[in-house]
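Thanks for making time this morning. Please bring the model up on your own screens, and I will talk through one part of it.

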Amino acid sequence: MAQIINHPLIDHKMTILRKKETSSMEFRQVVNEIAALMAYEVTRDLETEEVSIETPIAPTKGKMILGKKVGIVPILRAGLGMVEGFLTIVPSARVGHIGMYRDPETLKPVTYYSKLPKDVSQRLMIIVDPMLATGGSLIEAIDELKRNGATQIRAVNLLAAPEGIKAVEEAHPDVDIYVAAVDERLNEHGYIVPGLGDAGDRLFGTK
């Protein structure tokens, strides 16, 4: 199920990302900031337990995360731009990486690199990638995590097309998708409209 995270700060920062004159430096900074804001919502339902502590003044009770381990998995390369934002909120998370390329004949994503925490079956695994366009890369990333034993998976994207959301929901109905915005459609080249261009190129200043 896809959830749109509505917040004035996220809306404001998404507008900055969309502007074609936004520099790579500012683009990277804002992607990081939005990722941190989204991480707050994505982890909202983590269970806590009551613990006894002492403040400098007196003993008291507090809450801490109950045994839930978190893993962050960026889809290379654009997903790298969201990792630091998540680690700001969940600094103890382990980070894996999944790299893909598009097969020129089938046009389907193929995993060429996969390095994941060994205990993915015991972690809430969060896949991060700025764009959810056709959904092909995200579906393959979820497939790869499941092949390695992951059972708790969430996906976080800054921007999505309805076609991509539909494809992922049909392929993996057990995976929750969190997005900052859903745009109109995909164009004939598979780009999100109105979108924000190629997130990887804008993050790293390449063409």
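This is a predicted model: local features need pLDDT of at least 70, side-chain atom pairs count only at pLDDT 80 or more; totals for chains, interfaces and linings use all residues.

For helix 2, residues 24-42, and helix 3, residues 80-89, the axes come within 7 Å and cross at roughly 45 degrees. On the helix 2 side, the contact is made by Val 31, Asn 32, Ala 35, Ala 36, Ala 39 and Tyr 40, while helix 3 contributes Gly 81, Met 82, Glu 84, Gly 85, Phe 86 and Ile 89. Sorted by class, this contact has 8 nonpolar, 3 polar and 1 charged residues.

Staying with helix 3, which of its residues are buried? They are Gly 81, Met 82, Val 83, Gly 85, Phe 86 and Leu 87, and these buried residues pack against helix 2, strands 4, 5, 8 and 10, and helix 6.

Now to the peptide bonds. The bond from Leu 76 to Arg 77 is cis, with omega near 5 degrees, and Arg 77 lies in the loop between strand 4 and helix 3. The bond from Val 193 to Pro 194 is also cis, with omega near 0 degrees, and Pro 194 sits in the loop that runs between strand 13 and helix 6.

Terms used
Residues are numbered from 1 along each chain as its sequence is written. Side-chain values use heavy atoms; hydrogens and water are left out. Axes are lines fitted to C-alpha atoms, for helices over the stretch in contact, and angles run from 0 to 180 degrees between N-to-C directions. Helices (H or I, at least four residues) and strands (E, at least two) are DSSP runs, numbered from the N terminus. Contact means heavy atoms within 4.5 Å. Ala, Val, Leu, Ile, Met, Phe, Trp, Tyr, Cys and Pro count as nonpolar, Asp, Glu, Lys and Arg as charged, and the others, Gly among them, as polar. Buried means under 20% relative accessible area, exposed over 50%, partly exposed in between (1.4 Å probe, protein chains only).
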